[in-house]
Amino acid sequence: LSLSLSAQVCVCVSSSAGPKEMTTEAAVTSQEEYLNRMRALLEEACNTHHKTIECHQLGEFYQTVDRAFDKSAKIYHQLCDERQHGPSCFNLATQYLMAARRPADAFRYFRLSCSLGNSAGCNNAGMMLKTGQGTEKNISEAAKMFESACERGMAQGCFNMHILYLQGQGVEVNKAKAFDFAAKACELGHKWACVNAARMTTIGDGVPVDLQKAEAFKKRAQELS
């Protein structure tokens, strides 16, 4: 849910201020009116017409604008548990992790969001498996989650697989696979994956020396800086 909250505020210091200039109080009132209209529209679309996207956006509104976590959790639960809406499962997991401090529930819903195609859910479930937060530590299972995130186009998931193959965590050390994941993460926009891929092709670490490729990876890293 994208909301434009940056109201233009003019704090007037001259008694000759023109009628078009907005005071701070008026700006705040205008912003509140806008948010109230937005809330009402989303509530009608969700509660009356039962539209999934608008219900999800209403959950985000309750969570981020109103800070009404009970309301947002109720919506996310309905969308996730009843409609299998991956983004809502992910938001519910995030809320459990950050606001409710319930890591076990967070892990369960990150993993569910992953099964519903949410790449960030896969990556977060992988991180929790890797560290043992909210679940038993299992780096082999973490690798599966990271790979799923990578397959769904998430650069961080690919980079995490790159690190696991470099260090032999949960998988056998395999520099060639480590390079492949770094190259893919680089392509997807991960700066440090580009840096690592450039190094590997410069010194021949697990792959043949290829200075032309190394320069291409360096250039990509610079573009992402």
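Glutamate 215 and lysine 218 stand three residues apart in helix H11 (residues 211–224), so about one helical turn separates them. Helices here are DSSP runs of H or I with at least four residues, strands are runs of E with at least two, and both are numbered from the N terminus. The two side chains form a salt bridge, with 3.5 Å between the closest N and O atoms. The term salt bridge denotes a side-chain nitrogen of Lys or Arg within 4 Å of a carboxyl oxygen of Asp or Glu. Glutamate 215 is partly exposed at 47% relative accessible area, and lysine 218 is partly exposed at 37%. In these terms, buried means under 20% relative accessible area, exposed means over 50%, and partly exposed lies in between (1.4 Å probe, protein chains only).

The model is predicted: local features need pLDDT of at least 70 and side-chain atom pairs count only at pLDDT 80 or more, while totals for chains, interfaces and linings use all residues. Residues are numbered from 1 along each chain as its sequence is written, and side-chain values use heavy atoms, with hydrogens and water left out.

Side chains of opposite charge can pair when their charged atoms come close. By the salt-bridge rule, the count comes to eight. One of them joins lysine 144 to glutamate 141, whose closest N and O atoms are 3.0 Å apart. Both residues belong to helix H7 (residues 139–151), where a spacing of three residues amounts to about one turn of the helix. Lysine 144 is partly exposed, with 48% relative accessibility, and glutamate 141 is also partly exposed, at 31%.

Helix H5 (residues 103–115) holds aspartate 105 and arginine 108, which are three residues apart and therefore separated by about one helical turn. Their salt bridge has its closest N and O atoms 3.4 Å apart. Aspartate 105 is buried, at 17% relative accessibility, whereas arginine 108 is partly exposed, at 43%. A network of salt bridges links Arg102, Asp105 and Arg108.

The backbone also deserves attention. Most residues other than glycine have a negative phi, and most peptide bonds are trans. Histidine 50, which is not glycine, has a positive phi near 55°. Histidine 50 sits in the loop between helix H1 (24–48) and helix H2 (52–66). Arginine 67 likewise has a positive phi, near 55°, and is located in the loop between H2 and helix H3 (69–83). The side chain's residue, arginine 67, is exposed, with a relative accessible area of 55%.
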